[in-house]
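Me: I would like to go through a few labels attached to this structure and ask what each one rests on.

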Amino acid sequence: MPEAPSDRAEPTTGASNEEDLALIERVAAGDRRAFEALYHKHYHALLRFISRMTGEPESAEEGVNDVMLVVWDSSSKFGRRSKVTTWLMGIAYRKALRILEKKRRWFERFKSRPQPESIEPPHAEAGHTDTHELEDWLEHGMRRLSAKQRAVVELTYYYGHSYEEIAAIVDCPVNTVKTRMLHARAKLRQSLPMLESPGSKR
Amino acid sequence: MSAGDRHQHVTELMPWYVNGSLSETETVVVEQHVHGCLTCYARLQHERKLRSLVYGAERPRASPEHGFERLMENVEGRRRARQGARVSAGSARGLRMAALGAAAAFIVLIAAGLVLVRGTAPEAGPFRGLTSADVEAGRPRIDVVFAAGVSEGEMRTLLREIDGTIVAGPSRVGRYTIELEAGLEPAELAALLARLERDERLRFAGRSFGAGEE
């Protein structure tokens, strides 16, 4: 399992955002090479985020393209009110929510396949699980979260955003971000007992 | 701030302490509290474990090159559709007559049982009619038949691509009626149907003749 960056990671580089801003300006002028560079630079981050939020890796690539289509259409309107990554992740977040909404309407209309029941895994004993099993438990735990809770978890632990940045991305108050994280962690602790604090009740 | 409040405050901040995004002030608050609280110290270790798990979770594999190609096809397709719409603005009547003529020919082909073979797979049994398009007032509708073996995920992907919603089907022969977004110009709908004709996921795509006729 790859090591996560240390607790006190370096601050998000301003240089990277300046590079993004320069690309956005060129995209706004119709520069397709700049658009391709921007696409390649953010592709995997967007792909993972949409995939993790929706639980549909096969739809994530189209989701990324929908996000970048918005960038192509709206780059001239990007007002530098936020970092470029915050803007991109905000578009991706809303796109992922729309994918989930369409999925929900599909099931409601056609009921072609019953909605999968949430999976309640048996308890994983601390110290007796290997890496793959832990990842499976994490996957089960993440599926028990709402999409909005999953978004906060991913944006925090994988993308390293501050809670203020997350509030900007998902367009909600900071306290809502903290609340969603609290609930998400509580649910994940139920799926991953090795994450429970000693003495906490189950 | 009471001890209980500080405890809760630090607990709230922990995820952002471990990802290194807290302010200096908040960092000091967390570190000072954890130094003297065994429960929160242990909780912090679990928080780090969770972050490692999330960070190490398998990433989806896909190629940005392939994705970008498809994106630019979409961008080009929209540009051509807009140009086509502008050109046809002065010949809308001519387009409508051509579309009605194509629809009539399509009905004849259906009646004659003509089949257009595509590819070499005999089991595909494809049937492709001529496309035609009359933009209905409001939301236009088209009929499609998906190719054999197309998964539900691929069907959903296609619907997202064309911004369509299934409003009827499948019929006995597997025909679905799809309602598109309002506001499509005739040329845009014609371009869309032309593109769908070439789509490997479909055996058939054409103007809707109404739901549930089979």
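This is a predicted model: local features need pLDDT of at least 70, side-chain atom pairs count only at pLDDT 80 or more; totals for chains, interfaces and linings use all residues.

Me: Why is D171(A) called exposed?

Reply: The relative accessibility of D171(A) is 67%, and exposed means over 50%, so D171(A) counts as exposed. This residue is found in the loop of chain A between α7 (163–170) and α8 (174–191).

Me: What is said about phi of D171(A)?

Reply: Phi of D171(A) is near 60°, which is a positive value in a residue other than glycine.

Me: Why does D163(B) count as partly exposed?

Reply: D163(B) has a relative accessibility of 39%, and because buried means under 20% and exposed over 50%, with partly exposed in between, D163(B) counts as partly exposed. D163(B) lies in the loop that runs between α6 (152–162) and β2 of chain B, and phi of D163(B), near 55°, is again positive in a residue other than glycine.

Me: Which bond in chain B is cis, and what is its omega?

Reply: The peptide bond that joins G169(B) and P170(B) is cis, with omega about 0°. P170(B) itself lies in the loop of chain B between β2 (165–168) and β3 (175–179).

Me: Why is V70(A) called partly exposed, and where does V70(A) lie?

Reply: At 32% relative accessibility, V70(A) falls between the cut-offs of 20% and 50%, and therefore counts as partly exposed. V70(A) lies in helix α3 of chain A, residues 57–74.

Me: What does V70(A) touch, once residues up to four places away in sequence are not counted?

Reply: With those residues set aside, V70(A) touches S75(A) and I91(A), where touching means heavy atoms within 4.5 Å. As for L88(A), V70(A) and L88(A) are 18 residues apart in sequence, and their C-alpha atoms are 9.3 Å apart in space.

Me: What describes the packing of α2 and α6 of chain A?

Reply: Two packed helices are described by the angle between their axes and by the distance between those axes. For helix α2 (residues 32–54) and helix α6 (residues 147–157) of chain A, the angle is about 145° and the axes are 9 Å apart, and the crossing is right-handed. On the side of α2(A), the contact is made by R48(A), F49(A), R52(A) and M53(A), and on the side of α6(A) by A147(A), R150(A), A151(A), E154(A) and L155(A).

Me: How many residues of each class does the contact of α2(A) with α6(A) have?

Reply: This contact has 5 nonpolar and 4 charged residues, and no polar ones. Ala, Leu, Met and Phe are among those that count as nonpolar, whereas Arg and Glu count as charged.

Note on methods
Residues are numbered from 1 along each chain as its sequence is written. Chains are lettered from A and ligands numbered from 1 in the order in which they are written. Side-chain values use heavy atoms; hydrogens and water are left out. Helices (H or I, at least four residues) and strands (E, at least two) are DSSP runs, numbered from the N terminus. Buried means under 20% relative accessible area, exposed over 50%, partly exposed in between (1.4 Å probe, protein chains only). Axes are lines fitted to C-alpha atoms, for helices over the stretch in contact, and angles run from 0 to 180 degrees between N-to-C directions. A crossing is left-handed if the near helix is turned anticlockwise from the far one by less than a right angle, and right-handed if clockwise.
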